[in-house]
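Have the model open as you read.

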Amino acid sequence: MPAVNSVSTFNGVHYFAEGWKLVRLPGIRRYVIMPLLINILLLGGAFIWLFQRLGLWIPAMMSYIPDWLQWLSYLLWPLSVITIVLVFSYFFSTLANLLAAPFCGLLAEQLEGRLTGTPLPDSGWMGLVKDVPRIMKRELQKLGYYLPRALGLLLLHFIPGFGQTVAPILWFLFSAWMLSVQYCDYPFDNHKVSFHQMRRALRQHKTANMQFGALVSLFTMIPIINLAILPVAVCGATAMWVDRYRPQHARH
């Protein structure tokens, strides 16, 4: 039976790559279908619309640059595009995660049981229905953590010159952290670990989690490939949970 190595020193790149393997496991694939369909419909449609609007948004954003900084336009133009795609991809991937959260939690539960040989209690579709209110409350907690920080970064972007240069870098780092939080939260929440405890645990391995989140963020911006990223990230994060966090945080 395929399993994740029990050694807990793997980096985030390993877990991201592992997600692409685990998502294809027999017996797991049927739990991938709903997250995959939601992601395809929402993220796919959103990116088609985005690429139709970029030609209008970029000139509008560049109009905030004062005349004396116009010589930086060749640099700020691609940075503005990157910022829009980063914000857009994270926003719609978050929305997809909100809609798919119950199915992602079930996928994480089933995969953890497969990797450890110890199924979680109340597993299956009936357990999913029962847990929907708690799962939705958890998603709102994540939004409450995300929105104030995201708003600050958006406002930073409107500082002429400095904002357009620094904001894309900060957005990428913030997105990497938030995507790690988003996907690692599914196995943590399955074990009723609080959102605060989960963030504290992730900070103890922040480099690996930032690596994982950065790869998820990059692949979320790539058309076609990004349509499959949601279940892949859930599987990779679940493998990370089993290796790094389960011994300390699982409620058996």
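This is a predicted model: local features need pLDDT of at least 70, side-chain atom pairs count only at pLDDT 80 or more; totals for chains, interfaces and linings use all residues.

Residues are numbered from 1 along each chain as its sequence is written, and side-chain values use heavy atoms, leaving out hydrogens and water.

**The helix pair**

Helices here are DSSP runs (H or I, at least four residues) numbered from the N terminus.

| Helix | Residues | Contact residues |
|---|---|---|
| H1 | 12-22 | Gly12, Val13, Tyr15, Phe16, Trp20 |
| H7 | 206-220 | Ala208, Gln211, Phe212, Leu215, Val216, Phe219 |

Contact means heavy atoms within 4.5 Å. By class, this contact of H1 with H7 has 9 nonpolar, 2 polar and no charged residues (Ala, Val, Leu, Ile, Met, Phe, Trp, Tyr, Cys and Pro count as nonpolar, Asp, Glu, Lys and Arg as charged, and the others, Gly among them, as polar). The axes of H1 and H7 lie 7 Å apart, at an angle of about 45°.

**The cavity**

Which residues line the second largest cavity? They are Tyr90, Thr94, Glu139, Lys142, Leu143, Tyr146, Met178 and Gln182; a cavity is a set of points on a 1 Å grid over the protein atoms alone where a 1.4 Å probe fits but cannot get out, and lining residues have an atom within 4 Å of a point. H3 (73-116), H4 (125-156) and H5 (162-190) each supply at least two residues of this lining, and H4 gives the most, with 4 residues. The lining divides into 4 nonpolar, 2 polar and 2 charged residues.

How values were computed. Axes are lines fitted to C-alpha atoms, for helices over the stretch in contact, and angles run from 0 to 180 degrees between N-to-C directions. On a 1 Å grid over the protein atoms alone, a cavity is a set of points where a 1.4 Å probe fits but cannot get out, and a pocket is an open set with protein on both sides within 12 Å along at least five of seven lines; lining residues have an atom within 4 Å of a point.
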